[in-house]
Amino acid sequence: MKVNSAGKPLMKRLIVAAAAVLLIGCAASGVKVDERKVESFKPGVTTKAQVVAALGQPTSQMSISDGISTLDYSYAEASTRPSTFIPFVGPFVGGMDSTVSSVRFRFSADGKLMDITKSSMDIGAGMGLSAAQDNRREK
């Protein structure tokens with residue numbers, strides 16, 4: 001086994017470095033909707049089947065007694081700020097940022113698109129100095 005100049009096994013240092021890289025990653029869940037595809041859907045023309053074919057299965061759907069139905073596509077992404085990993089001060093200056101987006105398609109009883117509602121939200125969370133920062137990402 002190779003040993004570095006400080007006398008520590010090189011493999012151990014590589015494992016620690018790889019673990020640190022993995023911890024810095026981000027997490028995501030849901031269905032991210034491509035804005036260009038949403039713009040191609042036309043009220044009164046596009047059908048429910050066409051939306052599902054273009055975007056995949058929705059994260060949720062609802063049917064109302066009058067025949068109106070909705071398809072919801074939600075997506076959430078969270079990432080840890082790199083400053084969180086600074087030794088000793090990380091917990092005071094670090095935090096995490098998350099983005100949540102949702103697109104709702106509403107359909108008439110005959111399955112034609114009625115309207116589209118979109119929403120998005122950026123949230124930053126931290127402790128100490130980072131709690132007062134505006135950490136929204138530029139879009």
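Started with Arg106, which is partly exposed at 30% relative accessibility; on my scale, buried is under 20% relative accessible area, exposed is over 50%, and partly exposed is in between, with a 1.4 Å probe and protein chains only. I noted that this is a predicted model, where local features need pLDDT of at least 70, side-chain atom pairs count only at pLDDT 80 or more, and totals for chains, interfaces and linings use all residues. Residues are numbered from 1 along each chain as its sequence is written, and side-chain values use heavy atoms, with hydrogens and water left out.

Next I checked who Arg106 pairs with. Its salt-bridge partner is Asp115, with the closest N and O atoms 2.6 Å apart. The rule I used asks for a side-chain nitrogen of Lys or Arg within 4 Å of a carboxyl oxygen of Asp or Glu. Asp115 is partly exposed too, at 26%.

How many salt bridges does this rule give? I got four.

Then I looked at Lys118, which forms a salt bridge with Glu35 at 2.6 Å, N to O. Lys118 sits in strand β5 (residues 113–126) and Glu35 in helix α2 (residues 35–40), so this pair ties together parts 83 residues apart in sequence. For these labels, helices (H or I, at least four residues) and strands (E, at least two) are DSSP runs, numbered from the N terminus. I have Lys118 as partly exposed at 46%, and Glu35 as partly exposed at 35%.

Last entry: Asp34 and Arg36 join their side chains in a salt bridge, 3.2 Å from N to O. Asp34 is partly exposed at 29%, whereas Arg36 is exposed at 64%.
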